[in-house]
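Please find below a note on the model under review.

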Amino acid sequence: MKTSLFRPFAAALLLATPMFFASCSDDSDPEPEDDNEFITTIRYKLTPTSGTGQAVTAEWKDLDGAGGAAPTITGLALAPNTSYTGTIEFLDETKTPADDITEEVREENYEHLVIYTPNPATGLLTITRTDAKDRNGYEVGLTTNVQTGAAASGNLTIQLRHQPGTKDGTSGPGSDDANVTFPVTLR
């Protein structure tokens with residue numbers, strides 16, 4: 001009689017074992033998120049293309065992050081009606097040596113887009129991205145050409161958009177890794 005009770009139990013155990021292992025699959029685990037970059041410093045360096053005049057660098061620095069001390073901001077004082085080449089640099093200076101986020105943006109250019117928005121929108125600055133396009137044919141914006149207008153003042157907002165899997169060449173998808181406004185004077 002002992003063997004007749006054992007057979008149904010053993011059969012049930014054999015049938016349940018594959019279901020147990022199938023339920024432990026990693027297929028239901030969510031994909032890890034591609035986190036935004038931690039940026040403490042942004043430098044936008046503009047060099048006159050004519051060879052005359054000095055290079056000018058706008059800098060935003062917030063070493064203690066959001067909610068601490070206010071960031072320090074150095075704006076742009078540019079010559080009117082002048083052409084410049086621009087390079088932008090993103091750093092995490094909480095690390096020693098500083099972590100160059102610019103290199104990560106360059107390597108993952110298909111996930112990042114630098115947006116330059118002058119205010120007023122016309123007459124102050126015309127900015128054109130000049131670096132190589134990403135693997136999908138979209139601009140990135142780590143290097144630029146800048147043309148200044150007549151003597152004026154305003155602002156330049158620079159955003160680094162983080163767009164993993166959603167980059168379409170516009171500022172819409174994704175989220176901000178950085179969003180900074182610099183004062184601009186053309187004199």
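Predicted model: local features only at pLDDT ≥ 70, side-chain atom pairs only at ≥ 80, totals over all residues.

1. Nonpolar core. The largest nonpolar core is made up of 30 residues. Ile42, Tyr44, Leu76, Ile88, Phe90, Leu125 and Leu156 have the most contacts inside this core. By element, strand 11, which spans residues 175-186, gives the most to the core, with 5 residues. As a general background, nonpolar side chains in soluble globular proteins tend to be buried together.

2. Leu125. Leu125 is among the core residues with the most contacts. When neighbours within four places in sequence are left aside, the contacts of Leu125 are Leu78, Pro118, Val146, Gln147, Thr148, Leu156, Val184 and Leu186. One of these, Leu156, is also listed among the core residues with the most contacts.

3. Aromatic pair. The structure holds 1 aromatic pair. Its members are Tyr44 and Tyr116, with ring centres 5.2 Å apart and 35° between the planes, a tilted arrangement. The pair links distant parts of the chain: Tyr44 belongs to strand 1 (residues 41-48) and Tyr116 to strand 7 (residues 112-119), 72 residues apart. Both Tyr44 and Tyr116 are buried. Tyr44 is also named among the residues with the most contacts inside the largest nonpolar core.

4. Charge over a ring. Arg135 lies over the face of Tyr110, at 3.7 Å from the ring centre.

5. Asp62. Apart from neighbours within four places in sequence, Asp62 is in contact with Thr40, Ala69 and Pro71. A colleague inspecting the model may wish to look at this residue.

6. The structure holds 10 salt bridges. One of them joins the side chains of Glu59 and Arg43, at 2.5 Å from N to O. This pair links distant parts of the chain, with Glu59 in strand 2 and Arg43 in strand 1, 16 residues apart. Arg43 has a relative accessibility of 22% and therefore counts as partly exposed, since buried means under 20%.

7. Glu93 and Lys61. The side chains of Glu93 and Lys61 also meet in a salt bridge, at 3.2 Å from N to O. Glu93 sits in the loop between strand 5 (83-92) and strand 6 (99-100), while Lys61 is in strand 2, 32 residues apart in the chain. Glu93 counts as partly exposed because its relative accessibility is 26%. Lys61 is partly exposed as well, with a relative accessible area of 22%.

8. Glu139 and Arg129. A further salt bridge connects Glu139 with Arg129, the closest N and O atoms being 2.6 Å apart. Glu139 lies in the loop between strand 8 (125-129) and strand 9 (143-148), and Arg129 lies in strand 8, 10 residues apart. At 31% relative accessibility, Glu139 is classed as partly exposed. Arg129, at 22%, is likewise partly exposed.

9. Network. Salt bridges with shared partners join Arg43, Glu59, Lys61, Glu89 and Glu93 into one network. The Glu59 to Arg43 bridge and the Glu93 to Lys61 bridge have been described above.

Key: Residues numbered from 1 in each chain as written. Heavy atoms only, no water. Core = buried A, V, L, I, M, F, W, Y, C linked by side-chain atoms within 4.5 Å. Buried < 20%, exposed > 50% of the residue type's maximum accessible area, 1.4 Å probe, protein only. Helix = DSSP H or I, 4+ residues; strand = E, 2+ residues; numbered from the N terminus. Contact = heavy atoms within 4.5 Å. Phe/Tyr/Trp six-rings, centres within 6.5 Å; stacked < 30°, edge-to-face > 60°. Lys NZ or Arg CZ within 6 Å of the ring centre and 35° of its normal. Salt bridge = Lys/Arg side-chain N within 4 Å of Asp/Glu carboxyl O.
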